[in-house]
Amino acid sequence: MYAPEVTTTLERNFYVDDLLKSTNNKENAVLLCKDLREMLGRGGFRLTKWMSNCQEVVDSIPPEERAKPSLTVNLEDDNEFERTLGLQWNIRDDAFFFDVHLKEKAPTRRGVLSVASSLYDPLGFVAPVTLIPKLILQNACRQGLTWDQKLNESDIEKWCDWLTNLPKLSSVKIERCLKAGDLDIWSCNIELHMFSDASQFAYGAAAYIKIYDRQGNGKCSFVMGKSRLAPIKTVTIPRLELAAAVVSVKLFQMLIKELDTKVDNCYFWTDSMIVLGYVRNTSRRFKTYVANRLALIHELTSPNDWRYVPTNMNPADLASRGVHPEEGGKLFIWLNGPKFLNMEKDDWPHEPDGITTEYEDVEMKPAVVTSMVQSQCQDVVSDILNRYSDWYKLQRAVAWLLRLKTFMIHRYLKHETKEIFTGGCLSLKEIKTARKLILMKVQESAYGDEFSKLTSNKKIATSSSLVKLCPELNEGLLRVGGRFQYTEFSEDSKHPIILPSKHHVTELIVRKYHEVNHHMGAHHVLSLTRQSYWIIHGIRTVKHVVSACMDCKRRFRKTQRQQMAPLPVERLTPDKPPFTYVGVDYFGPMYVKVGRSQQKRYGCLFTCLTTRAVHIEIAHSLGTDSFVCALQRFMSRRGKPEKIFSDNGTNLTSGERELRAEIAEWNQSRIMNELVQKDIEWQFIPPYASHMGGVWERLVQSVKRALKSVIKEQLLNDEALNTLMTETEKIVNDRPITKVSGGVSLLMGLAASFHS
Ligand SMILES: [Zn+2]
């Protein structure tokens with residue numbers, strides 16, 4: 001078994017196959033090296049190229065596994081790929097410094113990009129310096145230069161100046177160790193200071209850690225910095241300042257995760273009064289850009305963590321403007337933090353007066369003031385009544401309030417009252433008391449006048465809307481008088497409680513009845529409410545509530561329909577005899593008694609498309625012969641149609657073929673009889689367009705419905721069926737133009753007479 005430190009080191013401190021680790025003291029380091037080599041050795045991994053800033057640790061490792069004796073370690077660990085600027089670790093001084101190689105590159109976008117992307121500075125030690133080529137590059141983009149076009153004069157000058165002075169960075173030295181001496185990091189007081197700033201070109205943030213020893217002396221070190229270009233699209237300075245603040249918050253989030261130590265206090269410094277105003281403002285709403293960033297800031301920090309720093313003391317100011325390599329003094333501030341961080345807390349910059357959280361700003365959403373005037377809110381209970389949208393919840397809420405009242409009385413006026421306080425769940429009695437109180441309040445607010453009259457035993461005014469109900473006051477509730485005093489019914493159904501038509505509570509009660517009874521219709525709900533309540537304008541009130549029920553709306557709403565096409569000409573020719581244009585359809589089968597067996601019969605329905613009159617023939621089969629017979633019987637009685645419409649049914653398709661042949665024969669024979677005949681046109685509606693046959697389908701439905709209700713399960717004989725069909729025909733043809741109904745009862749008598 002290995003110490004937990006060994007396993008956490010294995011899990012957290014490897015970057016691909018490189019291990020970087022700091023320990024509190026030499027002994028720990030020696031032990032950790034031994035354990036790590038042993039543990040990984042068991043898995044077949046041999047750790048080599050060891051290196052430490054402490055000679056004792058190096059001595060504890062076998063010479064063949066040490067790295068080549070060199071004073072520096074290239075942290076890029078990539079010898080083949082030369083960079084312009086590389087981070088190195090000087091073991092003797094235990095400090096980072098920069099190794100600068102210079103290569104000639106043409107002053108074009110391509111050349112500058114090549115250099116800018118070869119700067120290796122993961123922690124942002126020289127972020128203000130490496131910002132300069134990025135700014136030059138952005139400027140070139142803004143001017144729309146191509147990759148190999150030369151930069152403009154002033155940029156070339158800036159670029160050459162930067163390149164010439166870059167080697168001066170070799171003198172920059174950054175201490176690796178953040179704390180002083182061998183302090184135990186877990187017993188120290190640790191502060192993080194995050195600075196942010198923005199200019200119109202760039203914005204950035206810097207993080208410093210201050211570690212106090214037991215005597216209270218603090219050491220402040222640079223942890224990490226970031227610098228970003230402002231977008232080419234113009235963004236206002238307050239927005240950029242806010243973006244910088246977000247960078248500092250994200251940096252903080254990352255450091256908390258990666259630092260492997262506790263942080264006692266954290267301060268966020270900004271020189272933007274506007275950002276401070278935004279962060280501390282919790283009452284106003286901002287536009288989306290600001291609101292989104294503020295949401296992140298408020299999620300990870302508290303407004304109290306934010307402080308003001310004057311611009312000239314703000315190290316992040318460098319990240320927003322850039323520093324030329326020769327300005328070593330400025331870089332000193334960036335790497336060591338502002339002077340005030342090394343002073344007592346009381347000497348830190350003070351906030352100037354005038355930061356208000358309430359001011360007008362373009363980023364603020366205009367405030368909308370909604371005011372409501374409610375005249376009937378007399379007391380707490382009335383106020384509560386309007387707060388709930390559920391009848392049960394309202395009763396429970398009032399019941400709890402009443403329980404609180406009992407508790408208070410019991411607790412503070414013990415000797416003056418005999419009320420007993422009980423805890424636990426609400427009892428039915430408590431709910432009932434609450435319900436009664438609510439109803440009393442409702443009635444008082446709606447019928448105050450009647451209430452006071454009845455309380456003082458006077459008659460209510462004849463102009464009162466309740467006068468017809470002969471109201472009576474029973475235990476504080478207005479109830480309907482009525483004449484049921486001597487029945488055994490419950491008090492509620494004998495004398496229902498009167499409820500006003502337009503009141504929130506009335507609505508809640510009706511809705512509850514509606515929901516509990518599976519969304520029944522208005523009349524049903526009204527009859528159920530009548531068992532306990534008498535709602536004024538009952539059906540109107542209930543209908544109003546039911547029609548507003550979302551559940552019902554969703555389920556029973558009629559679907560949208562297409563507007564129907566104009567009627568065809570065949571249905572609009574009143575000047576021709578009936579049955580000039582005919583629709584034909586079959587229905588059935590119906591069973592008839594023939595001797596001892598049963599046979600099928602079909603109804604063949606002819607509809608006049610203009611008058612909607614019907615003619616029914618009985619076909620003995622679905623065969624062509626049978627249909628032709630039926631058609632002939634029809635034509636013999638009603639006259640010859642000009643045009644016949646039908647479904648695209650197979651029986652009728654073949655029927656037409658036969659029919660044509662038959663008609664051709666009729667014509668010949670009739671011509672022989674010197675009668676002039678016009679051909680009958682037969683038109684099928686297109687396949688799958690059954691809606692086009694709606695004219696006759698609708699009448700088939702009427703006929704079927706009439707027949708079904710009469711025939712039921714009985715067996716008729718042919719004669720009875722024929723009679724029934726003609727009767728049905730008559731009834732359907734007799735129907736009033738407005739409404740088809742009433743035929744069934746007549747037929748019932750008819751069918752009964754056939755069977756008697
Ligand atoms: Zn409903």
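1. E729 counts as buried, at 8% relative accessibility (buried is under 20% relative accessible area, exposed over 50% and partly exposed in between, with a 1.4 Å probe and protein chains only). This is a predicted model, in which local features need pLDDT of at least 70 and side-chain atom pairs count only at pLDDT 80 or more, while totals for chains, interfaces and linings use all residues. Residues are numbered from 1 along each chain as its sequence is written, and side-chain values use heavy atoms, with hydrogens and water left out.

2. The partner of E729 is R638: the two form a salt bridge whose closest N and O atoms are 2.7 Å apart (a salt bridge is a side-chain nitrogen of Lys or Arg within 4 Å of a carboxyl oxygen of Asp or Glu). This pair links distant parts of the chain, with E729 in helix 24 (residues 718-734) and R638 in helix 21 (residues 624-638), 91 residues apart. Helices (H or I, at least four residues) and strands (E, at least two) are DSSP runs numbered from the N terminus. R638 counts as partly exposed, at 37% relative accessibility.

3. Salt bridges that share partners join R37, R46 and E65 into one network. The structure holds 27 salt bridges.

4. E258 and R12 also meet through their side chains in a salt bridge, at 3.7 Å from N to O. Here too distant parts of the chain are linked: E258 is in helix 7 (residues 237-258) and R12 in helix 1 (residues 4-12), 246 residues apart. E258 is partly exposed at 43% relative accessibility, and R12 is partly exposed with a relative accessible area of 43%.

5. A salt bridge joins the side chains of D93 and K173 (3.6 Å, N to O). D93 lies in the loop between strand 4 (85-90) and strand 5 (95-100) and K173 in strand 6 (residues 173-175), so the pair ties together parts 80 residues apart in sequence. D93 is partly exposed, at 35% relative accessibility, whereas K173 is exposed, at 56%.

6. E153 lies in helix 6 (residues 153-165) and counts as exposed, at 66% relative accessibility.
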